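My notes follow in the order I looked things up.

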Amino acid sequence: MAKTGLDGHWRGPTIVARALRDAGFEVIMIGMANTDDIVTSAVDEDVDLVGLNIGGHIDVAIRSIENVQAVRPGLPIFAGGTIPPHAAKQLEALGVEVYLSAQNICILWMPQSS
Amino acid sequence: MQKSPTDKAVYSRSGIELKSFYTESDIPQEHRSRVTSNPGDAPYHRGFHPSGYRSKPWRIFQLSGFGKPEDENERIKFLLKNGETGFIMEHDRNTGDHCYNVDHPEVVARREDVGLTGAVMQSIRDTAICMDGLPIGSSFGHAGGAVVQHAPFALASYWTVAKQRGFDLEKLPGTGQSDFNLTYLGCVTKEQIPTQPGLRFNADIIEFCDRYLPYWVPVSIAGYNAADTGLTPDQELGVLFANAVEYLDEIRRRGSVDLARAARACGGVSFRASIEFIEEACKMRAARLMWADLLHKRYGISDPKVANLRIHCVTAGSKMTYQQPLNNIVRGTLMALGAVFGGVQSLGVSGYDEALSIPSEHAHQMSVRIQQILQEETGISNVTDPLGGSYYIETLTAQLAEKAWIFFDEIQKQGGYLAALDSGWLHACASENQYQEFMDMERGDQQVIGVNCFKDDGSPFEVDGFMGTDDAFDVATQRLKEVLRTRHEAGAASALKQLEADCRSDANIMPAMMEAMSAEVTLGEIGDVYRDVFGNWDTPIQT
């Protein structure tokens with residue numbers, strides 16, 4: 001789990017992390033991380049899933065998603081945060097599916113099967 | 001015997017069990033004599049002044065800012081034109097909160113984020129653009145130093161621009177903030193100075209304002225930031241006064257400022273006004289009661305001018321929903337109403353697009369209009385403390401204060417407010433509440449209209465997020481190069497050296513900060529000094 005921006009609101013990612021831990025996942029939280037940190041962590045930790053808190057501009061999130069995809073094709077990525085409708089549409093155009101959870105928008109990447 | 005649904009225990013957000021109705025005998029014994037006091041009289045829970053909003057309407061005071069300094073300037077002027085009666089200058093979070101210049105690698109890696117939630121102000125030249133034409137002598141300005149490590153820069157740059165424009169600092173009105181709850185509890189920065197140097201900065205600002213800016217509120221503790229991180233209303237009260245005690249104890253230790261004047265300076269605070277608006281109104285009343293009590297018992301201060309707490313209030317951003325965003329206009333109105341019932345002096349209403357982005361121009365205007373409708377059409381300003389004397393309101397006010405003191409005492413047992421931040425104890429309290437609140441919504445125990453019930457949206461309105469401008473990073477990069485190329489380099493180097501020397505000693509850093517502003521030292525250079533001298537706070541939570 002990482003935050004793509006430098007906005008430190010931690011409420012969202014820690015709630016999600018706790019829910020995942022309760023469901024039996026091991027969660028590695030790397031906090032505010034730039035694209036390179038996220039890619040390195042995804043590879044080094046050999047994760048099954050990448051979670052992104054994308055509280056900022058959608059381009060920063062897209063860069064992270066694309067770079068992770070480049071090194072770990074097919075790795076599922078999910079994200080949540082303050083995502084305005086036009087940004088959600090941009091993500092949908094990339095093949096990301098958008099769901100709404102109880103408290104905030106949550107986006108789940110459904111990778112192409114290959 | 002089987003219980004009917006009406007027998008089920010009901011609790012307020014603070015965990016106080018609520019009766020289905022109240023009578024005189026419910027009012028706690030120690031509170032009964034207070035009920036007969038008048039607004040403006042000790043213990044002040046009934047209000048700041050007997051004539052209340054008749055003589056002084058609450059200030060319409062909205063968070064504002066994005067993009068380039070000129071974008072922010074334009075938005076502030078728009079709000080003032082629409083009737084805002086003070087203004088708040090937001091700084092870019094990436095650069096401002098972290099004291100980075102825009103060429104810092106962590107900022108470059110997120111260049112599109114720059115300017116998203118505040119204007120980029122790296123030197124006094126940027127601040128001057130943002131302040132251009134603003135009525136700084138007659139209106140009430142928030143210079144944007146909400147973050148502890150950023151505040152000395154934000155304040156000194158604002159004051160230096162004001163001075164250069166011929167304003168007398170001795171008469172300049174406005175407010176700082178320097179709030180620990182913001183970046184040490186709620187919205188933790190990637191890097192920031194540890195809490196003890198932060199306390200020193202705040203005490204330095206209090207001293208400096210006491211000497212040179214008597215009409216400026218030097219620091220303003222924001223219970224808001226604790227509450228929107230998850231603390232309950234009683235905890236919000238407890239944490240705010242535990243924080244105030246850190247400031248006043250430090251000022252008393254220094255002995256450089258008259259304690260009563262320092263207490264007056266620290267007595268302009270902010271709270272969150274959330275959706276359970278009756279409890280929130282009681283919270284504002286309890287806050288005034290507690291402040292008077294604290295000053296009297298701990299510091300022997302009972303001067304009415306000091307013991308009368310002044311409250312700014314912001315409606316709860318986290319209660320604004322992504323779904324059916326126009327419903328948030330109703331939520332904003334109700335939360336504002338709670339604040340006004342509580343007798344606050346100043347108010348900001350979150351935008352109806354809060355869950356999507358920073359406010360669009362229209363959402364911002366609506367936040368002002370909500371307050372104007374309350375002020376001008378409802379007649380709410382005619383009578384002070386309209387809920388005063390209600391069995392329920394008085395009981396809940398007293399119960400909240402009692403419960404808040406228990407939380408205050410718990411914080412003292414943790415070693416005090418700053419120690420409870422350093423250890424992560426407050427984060428754990430907030431985190432537990434966050435999760436319970438989330439699960440209440442997931443399970444449907446807490447119904448939120450349009451989110452987990454009544455989901456069909458028949459509204460034809462499409463509301464999208466407001467993304468500001470897309471040239472903030474590029475323009476800031478150009479302007480940084482420009483200032484570094486054209487400033488008087490020897491003067492800037494010498495001012496920076498003096499600032500570093502003062503940071504390393506126990507001198508007040510503000511005079512050197514003022515000199516640094518005049519010499520056009522940039523934000524990132526100052527941040528580098530801080531990082532070198534003070535190091536980095538050991539963040540107790542992993543986000």
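Predicted model: local features only at pLDDT ≥ 70, side-chain atom pairs only at ≥ 80, totals over all residues.

I started with helix 3 of chain B, residues 69-81. Its 13 residues, at 1.5 Å a residue, should span 18 Å, and I found the end C-alpha atoms 18 Å apart, so the two agree.

**Helix 3, buried side.** I asked which residues of helix 3 of chain B are buried. The list is Pro69(B), Asp71(B), Glu72(B), Asn73(B), Arg75(B), Ile76(B) and Leu79(B). I recalled that an α-helix has 3.6 residues a turn, so residues three or four places apart point the same way.

**After the helix.** Helix 3 of chain B is followed by Gly83(B). I noted a positive phi for Gly83(B), near 110°.

**Domains.** I then turned to the domain assignment of chain B. It gives domain 1 as 1-55 + 244-457. Domain 2 is 62-139 + 145-220 + 507-543. The C-alpha centres of the two domains of chain B lie 26 Å apart.

**Where the domains touch.** I found 30 residues of domain 1 of chain B in contact with 28 residues of domain 2 of chain B. Which elements give two or more residues to the domain 1 side? They are helix 11 (233-254), helix 12 (259-266), strand 8 (268-273), helix 16, helix 18 (417-422) and helix 19 (425-443) of chain B. Helix 16 of chain B gives the most, with 6 residues. By class, I logged 13 nonpolar, 11 polar and 6 charged residues on that domain 1 side.

How values were computed:
Residues numbered from 1 in each chain as written. Chains lettered and ligands numbered in written order. Helix = DSSP H or I, 4+ residues; strand = E, 2+ residues; numbered from the N terminus. Expected span 1.5 Å × (residues − 1). Buried ≥ 20, exposed ≤ 12 C-beta atoms within 10 Å, placed from the backbone. Domains from an automatic or database assignment. Contact = placed C-beta atoms within 7 Å. Nonpolar A, V, L, I, M, F, W, Y, C, P; charged D, E, K, R; others polar.
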